[in-house]
Amino acid sequence: MLQTSRDYPKFLSSGFQVCLSDRDWPSAISEFNLLLADAACCGEELTLWVELLDELARQCVEWDDWISHWPGGEEGLDKSTFFLVHGVRSLSSQAYEHAGFYLHRAAEVAPESPLPLAYLGILHEAIGSPPDALAYYDASLEVSSQFFTVLNSAGNLCHELGFYARAIGYYEKALPLLVEPGNRAVVLNNLGNSFKAAGMPERAVSAYSEALASDDSQPVVAFALCETLLQVNRPQRARGILLKTLDDPSFDEWSQENRTQAFALLARVCLATGEHLEATFYAWLRIGGQVKDEAAAGVDTFLKALYASLISAPHETSAEALLAHVSRRLGYLDAAFLHAKRVVNSLSPQAVYFGELGATCLLMGKNDVGLEALEEAQASAPENPSYFALRAMALWRSDPEQARVSLGEAIRIEPYVAQHRCDLAWLEMNQGRTEIARNRQTEALLLWDECPVLFASHGPLLQRGYFHDLVERFSHPTSDEEMINAANYAYLAGQGEIARAHLRKLLEKFPDSSQALFNYAWIVNQTVGVAQAAPLWRRALEQDKSDSLTRFFASRSLLFCDASAKQGVIQELERAVGGNPQDYLSRLLLAKLMEPEREALVHLEAIAAAYGGLYSPWYWLGQAHFFRREWDLARPFLEKSIRLNPKFPKSRSLLAQCYGQLGDTLRKHVQNGICYYLTGHLHKACSELERALAEAPEDESARYFLIQAQSGLDARRAPGAKELLDILKSPERLP
């Protein structure tokens, strides 16, 4: 949709917006009529009606509610307005045939307005007819050449089609119309993209530089400029821009993808300037980078650039250690093994080095060597849960009892991590202890409701990358059990379609298999969507009406697809809890559905009594009292949830608000500061913690986290510190 810009006068007034917000229909209609008279003076009545549609959507007001109060209803609209409004509404709902009819009629009855033609351009883009879209954009611009959003849209379409010279022409016509910095930055960035694609990198650098000068809050502009500077062999300037961008407070609000892209670029810049990259990696980790083994968008780009730089660096111990980790993450297992062996043979081997060697050996199938390395790591770092979890992976086939002990230790150290409990459930199921396994799966779901609680007859392999040997082993399953395992491991390896195909084949043979239905529903839910999984969950529940996990997912999916089913779901869950008071997943859903009734608290209290070692029930209780504005009752529950999971920001955020309401400003600032630190908002963290120290200079928590936040900012500003891989495997202890 075309957006009304601040570079053009907005006809809607704040007074009208307030009237609409209050649903004061007489005042809103009166105010709108005054605005309509002003718009008529400059021939912009249709623009005002389009702005109205945007405002209705923003305030969640239905068109039918508005038009029911308009004098004469829709019959009171003139033809041009009627056709344009219905055309835009049909376009928004993707009813393209109706949109075309209405917009063409609008263009016929209002030939002096560019809007119907502009929306016809959008319509033809949506239905995949770019030549027609461009024709309508040009026709709209013939009516009004001052329509910058149409110029930008036409330029974007030409760029996508590869008509770069034509795109440049549209963008250059748009620029003189722009004053607002954000709009200028967008169009200048688009112009730079077209210059770059057209083989004019120097002109692209100029456009990107001007865009960054107009608005330096958009990281995509800085990225594009640095990419082009690398192309024209000016890495030092690119490095300066990146470091300045990373030091900007707006970095606190960046998405994980943008953060990763920034450090991927910095890695390439350092590679071009011949600088070491250990510190860049350290900085990336310190400010919220993806450190786990699971795949993440953009991480491979960074790791490959890091690998390219490190492989050419002198093989000192720190570079070798980092190379071992990066090589393992990239799947270069022979190289990872070589580098890990070198570092464990160094003069000062550390636990993290043995951990890397152990993880690599597990991936290579060298379980005996991996187990030895992990035991060395545990001896040096006995409170690191990662080594216990890895040790369980090495032992689950040969010694499941010891694997169970290792996972128990990982849970003791990190009771808030769902993956450990899910791994333990798989191990219990492998030993035929289905009831115990189901309880572990319930615990995992109470901690993380997307935990892969699948039926399986093999052990703990949740961490991505430790099951590729099993994917290959079960690529041609010969039994029903192997087919279920093949589907599970294919899903965990990111091969969702293969996983679904295995289970479809099994269900053709056994359409009533509760295990196959459960796994199929879960995998479809994660890879295709909740709506497609909902009927599968109901089928699975029909086969095993006593299974609380199936009921949990079936109820959730039904509510997602049909909000009107709420009362029926409540009744079904109440029957389940009446027959089995220990069905805590049903209690959880009931508590959420019954809020704000008092009975919701009864269910949460029952969950907390049964699973008091988990942080989540205490958080839910604190949250329930918080939303009831019972600050003194919410506080102890939230404090307990933080003791059980110091790394959960939501508990700290609510607790900080409770402290504020109770007049404890010191604790409010400390909790806010730690919360900001945990979420990577380092500038805000420093500000809150400095306020706390101004009030209580002796507060140790505030001082500790202020140092941590400042250290993260320093690492971002000038990567040069020598701290390395310990941050990968050493859990941070939070008060």
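**A helix pair and its surroundings**

Modeller: Of the 735 residues in the protein, 54% are buried, where buried means under 20% relative accessible area, exposed means over 50%, and partly exposed lies in between (1.4 Å probe, protein chains only). The model is predicted, so local features need pLDDT of at least 70 and side-chain atom pairs count only at pLDDT 80 or more, whereas totals for chains, interfaces and linings use all residues. Residues are numbered from 1 along each chain as its sequence is written, and side-chain values use heavy atoms, with hydrogens and water left out.

The protein has 41 helices and zero strands; these are DSSP runs, H or I of at least four residues for helices and E of at least two for strands, numbered from the N terminus. Among the contacts in the protein with a separation of 6 or more, 57% join residues 24 or more positions apart, a contact being heavy atoms within 4.5 Å.

The crossing of helix 13 and helix 15 is left-handed, meaning that the near helix is turned anticlockwise from the far one by less than a right angle; clockwise would be right-handed.

Helix 13 brings Pro 219, Phe 223, Cys 226, Glu 227 and Leu 230 to this contact, while helix 15 brings Asn 258, Gln 261, Ala 262, Leu 265, Arg 268, Val 269 and Ala 272. By type, the residues of this contact divide into eight nonpolar, two polar and two charged, where Ala, Val, Leu, Ile, Met, Phe, Trp, Tyr, Cys and Pro count as nonpolar, Asp, Glu, Lys and Arg as charged, and the others, Gly among them, as polar.

In the loop between helix 13 and helix 14 (235-246) you will find Asn 233, which has a positive phi of about 65° although it is not a glycine. Most residues other than glycine have a negative phi, and most peptide bonds are trans. Asn 233 counts as exposed, because its relative accessibility is 63%. Elsewhere, Arg 629 also has a positive phi, near 65°, in a residue other than glycine; its place is the loop between helix 35 (615-627) and helix 36 (631-644), and at 60% relative accessibility Arg 629 counts as exposed. As for peptide bonds, the one from Glu 595 to Pro 596 is cis, with omega near 5°, and Pro 596 sits in the loop between helix 33 (584-594) and helix 34 (598-610).

The residues in contact include Trp 537 and Leu 541 of helix 30, and Phe 553 and Phe 560 of helix 31; the whole contact divides into 11 nonpolar, three polar and two charged residues.

Finally, consider how some helices are covered. Helix 27 is largely enclosed by the rest of the structure, because 10 of its 13 residues are buried, among them Met 483, Asn 485, Tyr 489 and Leu 492, and just after helix 27 Gly 494 takes a positive phi of about 85°. In helix 6, the buried residues are Ala 99, Gly 100, Tyr 102, Leu 103, Ala 106 and Ala 107, and what covers them includes helix 5 (79-92) and helix 7 (115-126). His 420, which lies in helix 24 (residues 418-430), is buried with a relative accessible area of 6%, and, not counting residues up to four places away in sequence, His 420 touches Pro 385, Ala 389, Leu 407, Ala 410, Ile 411 and Glu 414.
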